[in-house]
Structures are given as C-alpha cells and as structure tokens.
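This report describes strand pairing, helix packing and selected loop residues. The sequence and structure are shown below.

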Amino acid sequence: MYAMAMEKAFQRVVLVGKYRDPSVLPGLRRLRALLASLGVATIIECQSAAQLESDMELPQGAFDALSPDGDLIIALGGDGTILGTARQAAGSGVPILGVNQGRLGFLADISIHDIEKTLPPILAGHYQNDARSVLQAQLWRGGQCLQNGIAINEVLVHKGCCETMIELQVHIDGQFIYTQRADGLIVATPTGSTAYALSAGGPIVSPRLPAMVLVPICPHTLNARPLTIADQVSVQIELIAGRQPAALSLDSHDTFSLQLGDTIRIRRSTCDAVFIHPEDEDFYQILRRKLHWAALPGED
C-alpha cells in the first residue's frame, strides 16, 4: 500500500523519546547501542534530552538542523509521540520511523522488542516511503487571522468543557453544506481516520486517498452522517451558537478558545509528513493486527 522501491540508506539517526516519560530511556539506550554497533552516527533531539534528563552522552540536535539527504528520525513512544514529532518535522522532508512503546499505535508499527531484527534492513535502504497529508487550520475573528497551525490527525471544533451543544455552519469551497448542532465536528486526514474520527463513527480511509473526512460528534439529528471529500477543497466552519467556552483543537495538542462568529478555515497543507515502514508492512495488515479483524470469537 506504500511506495515500493529500494530506497537510500541513512547516514545519521535522530532519536526522539516521549517527553517526560523516563520509561522510554531503556528503549533509547537499546537503540543507541544498536546504532553504535552498526556504525550509524546518532544524535538525540534536544527537547527529548532536556525533558528526559538523558544520561546517554549523545550529541544533541534540533529538528530545523536536519536534512532529508541521509537523516532519519526514530520516535520511540506511542502515536502521540510520533504525531508531535511529525508536526515539528513537517516540511523538512526528513522521514520518521515510529517505534512502538505505547498501546494501540497505528503509526508506530515496529516494536522495540524486535528492533535488532527490523532496524538494520531499514537503515540499509529496505523500507517503504509513506507521505501523509497534513491539514492547515486558521482561526479568523473580525477579519483577522488569530491562529495558524497544522494537524496530522484532525482539526476539531468542539464544545470544550461546556455541557450544552454548539451550532456550526459549514461551507466547502464557499458552498453552503449544512448547519449542525452537535458536541463538535472533526475534520480528519486519512491518518486521523483511525483516531478520534473512528471513535465518533467515521470511516477508515486508506492513507493513499487524497481525502478529508467530516465527522459530527454526537449530532442532534439522526440524519447527520460522516462526509468524505477531496482534500483539494477549503472547509470553513463558523461558530454561530453555543455557550462559552467552545474550542478549536489541532491533534488534541494545540487548543484555542472560540467566540461566537469565529471562523475556522481548513485546507490541505503544502507540506507532508513522511513516515517509513518495513518492506513487508502494509496498511491492511496493520488494521488486521490492531483491530483484530482476523480473530474469531473467543480467540486472543
């Protein structure tokens, strides 16, 4: 399901660990030892080093100093760690390899326990490239753009901590689509279709499709259904009713308070997030493994 070809070998690896979680340190040390045995230059991302108070005595580096020519980012943790890494590295062209030390993990498809077997072929160029779309979101108020950010999974307009619903008006490329009373609305990428959007009843979308998915959260009508659209359009969401504080969230990471009349404009970003996978991995295999599609009742 990904781009299949013999790819370039990597000359340098940047290690990223889940922030403020010392449980990733044994895995990072294991990666460091393996990379040293393979003769691969290794640095640790500076925020990871500071947050984890790492004692690995590796050189430190920042994302903006990386080059797509020979550099690889290895992110150890769960999908949250990989998403955070992808947001910071988006636009650089530097690929990310996710190593799973979390729970479900759709993006981290390699286990730290198998790393001695799976990593050497990847470093030698035996892997698949997987470019994922990124959403660009702007918050407009009174003719002024107040916030501008990106999301790998989803842009979420929601009621915040308020108990009552909000009311949203949605346009696509300037064309009125609907007015929706709900707890919120998710605009997801194919990557995000297996995250919050899936929990809210949205479809699973192949990452190869140039699409976005609009998924209402607990809508106040039985007629509301998820909507899959081309990712070349512009989506506009206006908050037209609701009590404070409604909110805008990007990947459940960056959150901004909304006022009545605020407009959120969403389109596909000009940059992609680049991931790599083992040669024998594919999207449907991941779904079968993570969602237990092949299991019969009573099987583990």
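## The six-stranded sheet

Six strands form an open sheet in the order β15-β14-β13-β10-β17-β18, and their pairing is antiparallel. Its edge strands, β15 (227-230) and β18 (254-258), each pair on one side only. Neighbouring strands of this sheet are turned by 15° against each other on average, direction ignored. Helices (H or I, at least four residues) and strands (E, at least two) are DSSP runs, numbered from the N terminus. Two strands pair if DSSP finds at least two bridges between them.

Within this order, strand β13 (residues 184-188) and strand β14 (residues 211-217) run antiparallel and are joined by five bridges. Isoleucine 186 has valine 215 in β14 as its bridge partner.

## Basis of the model

The model is predicted: local features need pLDDT of at least 70 and side-chain atom pairs count only at pLDDT 80 or more, while totals for chains, interfaces and linings use all residues. Residues are numbered from 1 along each chain as its sequence is written, and side-chain values use heavy atoms, with hydrogens and water left out.

## Pairings of β19

Strand β19 (residues 263-278) pairs with strand β8 (residues 127-141) in the antiparallel sense over 13 bridges. Phenylalanine 275 in β19 stands opposite aspartate 130.

Strand β16 (residues 235-241) also pairs with β19 in the antiparallel sense, over four bridges. Here glutamate 238 has threonine 263 in β19 as its bridge partner. In general, strands of a sheet pair through backbone hydrogen bonds, either parallel or antiparallel.

## The hairpin of β11 and β12

β11 and β12 run antiparallel and are joined by seven bridges. Histidine 171 stands opposite phenylalanine 176 in β12. The hairpin has two residues between its strands, and aspartate 173 takes a positive phi near 50° there.

Aspartate 173 lies in the loop between β11 (166-172) and β12 (175-182), and has its positive phi although it is not a glycine. With a relative accessible area of 52%, aspartate 173 is exposed; buried means under 20% relative accessible area, exposed over 50%, and partly exposed in between (1.4 Å probe, protein chains only).

## Packing of α1 against α4

α1 and helix α4 (residues 115-123) pack with their axes 11 Å apart, at an angle of about 50°. That angle makes α1 oblique to α4. The axes are lines fitted to C-alpha atoms, for helices over the stretch in contact, and angles run from 0 to 180 degrees between N-to-C directions. Angles under 35 degrees count as roughly parallel, over 145 as roughly antiparallel, 65 to 115 as roughly perpendicular and the rest as oblique.

On the α1 side, Arg30, Leu31, Leu34 and Leu35 meet Ile115, Glu116, Leu119 and Leu123 of α4. The residues of this contact divide into six nonpolar, no polar and two charged. In this classification, Ala, Val, Leu, Ile, Met, Phe, Trp, Tyr, Cys and Pro count as nonpolar, Asp, Glu, Lys and Arg as charged, and the others, Gly among them, as polar.

## Loop residues

Arginine 20 lies in the loop between β2 (12-17) and α1 (25-37). Its phi is near 55°, a positive value in a residue other than glycine. Arginine 20 is exposed, with a relative accessible area of 65%. Arginine 208, in the loop between α5 (196-199) and β14, is likewise exposed, with a relative accessible area of 59%. The C-alpha atoms of arginine 208 and phenylalanine 283 are separated by 9.7 Å, and these residues are 75 residues apart along the chain.

Leucine 107, in the loop between β6 (96-100) and β7 (110-111), counts as buried at 7% relative accessibility. Not counting residues up to four places away in sequence, leucine 107 touches Asp79, Ile82, Leu83, Gly98, Arg132, Thr191 and Phe275, where contact means heavy atoms within 4.5 Å. Glutamine 244 has its place in the loop between β16 and β17 (246-250) and is partly exposed, with a relative accessible area of 45%. Leaving aside neighbours within four places in sequence, glutamine 244 is in contact with Cys162, Leu258, Gln259 and Leu260.
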